[in-house]
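Let's take a friendly walk through a protein model together. Keep the sequence and the 3D view side by side as you read.

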Amino acid sequence: QVQLVESGGGSAQAGGSLILTCAAVGYTSDFNYMGWFRQTQGQEREWIGTLDFRGDVTYYATDARGRFAVSQGSAKNTVTLHMNSLKPEDSAIYYCAAYDGPERTFRRSNPATYTYWGQGTHVTVSS
């Protein structure tokens, strides 16, 4: 059974930084795409960014560009999210996602596209 295991959430002060890590467990092949989303209560899941492992290319939502960075982790099928200059409005549950379907159906910013999801990790930013 495939699981995406997130770690690194917690609390930070405004202006601070946090690093989240997501590792796929139980997946024997290589994901082409892994990404990050976040969600606050009553809101839809919001796309942050997605890494294409094949070319080490990362795509970002407009609002995430500049403060957030998605990168490949040290192990296979691992992705990190570096969050800098945090703001209270960044407080949310952050989710890792991975896709292993056909290329033609992949829509990187659409959460419904992704095949696997992590359990979510809470991030709280205080002012």
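Is Gln39 buried, partly exposed or exposed? To follow the answer, you need the cut-offs: buried means under 20% relative accessible area, exposed means over 50%, and partly exposed lies in between, using a 1.4 Å probe and protein chains only. With a relative accessible area of 22%, Gln39 is partly exposed.

Before going further, here is how to read the model. This is a predicted model, in which local features need pLDDT of at least 70 and side-chain atom pairs count only at pLDDT 80 or more, while totals for chains, interfaces and linings use all residues. Residues are numbered from 1 along each chain as its sequence is written, and side-chain values use heavy atoms, leaving out hydrogens and water.

Now step back to the whole chain. The protein chain has zero helices and 11 strands; here helices (H or I, at least four residues) and strands (E, at least two) are DSSP runs, numbered from the N terminus. The radius of gyration of the protein chain is 14 Å, close to the 14 Å that the globule rule gives for 127 residues, so the chain is as compact as a globular protein of that length. That radius is taken over C-alpha atoms, and the globule rule is 2.2 Å times the number of residues to the power 0.38. Along its principal axes, the C-alpha trace spans about 40 × 25 × 25 Å. Of the 127 residues, 42% count as buried.

How do parts of the chain meet? A contact means heavy atoms within 4.5 Å. Among contacts between residues at least 6 apart in sequence, 56% join residues at least 24 apart.

Let's look inside next. In soluble globular proteins, nonpolar side chains tend to be buried together. A nonpolar core is a set of buried Ala, Val, Leu, Ile, Met, Phe, Trp, Tyr and Cys residues joined through side-chain atoms within 4.5 Å. The largest one here has 36 residues, and Met34, Trp36, Leu81, Met83 and Tyr94 touch the most other members. Several strands give two or more residues to this core, including E3 (18-25), E4 (33-39) and E9 (92-99). Strand E9 supplies the largest share, six residues.

Return now to Gln39, which sits in strand E4. Leaving aside neighbours within four places in sequence, Gln39 is in contact with Glu44, Arg45, Ala92, Ile93 and Tyr95.

Ala14 lies in the loop between strand E2 (10-13) and E3, and Ala14 is partly exposed at 40% relative accessible area. Not counting residues up to four places away in sequence, Ala14 touches Leu86, Pro88, Val125, Ser126 and Ser127.

Which loop holds Thr28? Thr28 is in the loop between E3 and E4, and this residue is exposed, with a relative accessible area of 76%. Asn77, in the loop between E7 and E8, counts as buried at 5% relative accessibility. Thr28 and Asn77 are 49 residues apart in sequence and 9.5 Å apart in space, C-alpha to C-alpha.

Asn77 has a positive phi of about 55° although it is not a glycine. Asp56, found in the loop between E5 and strand E6 (57-60), also has a positive phi, near 55°, in a residue other than glycine.
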